[in-house]
Amino acid sequence: MSLNNDELLLNIKRQAKRLSKSLSIPLGHAQEALSIIVYDSPSWGYLRISLRSESFDNEYLLLTSLHPKSDILLFQLLDNNMSIITNRFKMKFSDQKSNEEITNIIISIFGIEPTDFKCKVR
């Protein structure tokens, strides 16, 4: 990864803020949800500790560096895992959003426009 651990921590904080705003939920709830849904981590605290470690034992942690100008491989990693992440979203939030709405929310967490994402993963 090209970003250092402090930058990755800033990225997940931004992602949590975007999720909070997108779902109109408190930031603390968004942090926990982000940890579970996107990063398959049991908690926000555990996610932060994982990012400070020297080795990433969870491939989802690579997504902490995903942003609009990232390498195509990170876009593909998200795309390849989108159904898993979408299912975790549905388990966490029982509201009746469509898969497309959920996908768009997940993509927007990374500051990426859904149309740009679709173009990059074609």
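**View 1. The side chain of Thr64 and the backbone of Leu61.** A polar atom of the Thr64 side chain lies 2.7 Å from the backbone oxygen of Leu61, in a model that is predicted. Such a pair is a polar contact (N or O atoms within 3.5 Å; within protein, one must be able to donate a hydrogen and the other to accept it, and residues adjacent in sequence count only if both atoms are side-chain atoms). Thr64 sits in the loop between α3 (44–52) and α4 (72–92), where helices are DSSP runs (H or I, at least four residues), numbered from the N terminus. Thr64 has a relative accessible area of 0% and is therefore buried (buried means under 20% relative accessible area, exposed over 50%, partly exposed in between, with a 1.4 Å probe and protein chains only).

View 2. Not counting residues up to four places away in sequence, Tyr39 touches residues including Ile12, Leu63, Thr64 and Phe110, where contact means heavy atoms within 4.5 Å.

**View 3. Helix α1 and its ends.** Just after α1, Ser24 takes a positive phi of about 55°. Among the buried residues of α1 are Leu8, Ile12 and Leu19, and the cover over the buried residues of α1 includes α2, α3, α4 and α5.

**View 4. The salt bridge of Arg88 and Asp40.** The structure holds 1 salt bridge, a term for a side-chain nitrogen of Lys or Arg within 4 Å of a carboxyl oxygen of Asp or Glu. Arg88 and Asp40 form this salt bridge, and their closest N and O atoms are 3.7 Å apart. The pair links distant parts of the chain, since Arg88 is in helix α4 and Asp40 is in the loop between α2 and α3, 48 residues apart. Arg88 is buried at 14% relative accessible area, whereas Asp40, at 45%, counts as partly exposed.

**Notes to all views.** Residues are numbered from 1 along each chain as its sequence is written, and side-chain values use heavy atoms, with hydrogens and water left out. In this predicted model, local features need pLDDT of at least 70 and side-chain atom pairs count only at pLDDT 80 or more, while totals for chains, interfaces and linings use all residues.

Notes
Helices (H or I, at least four residues) and strands (E, at least two) are DSSP runs, numbered from the N terminus.
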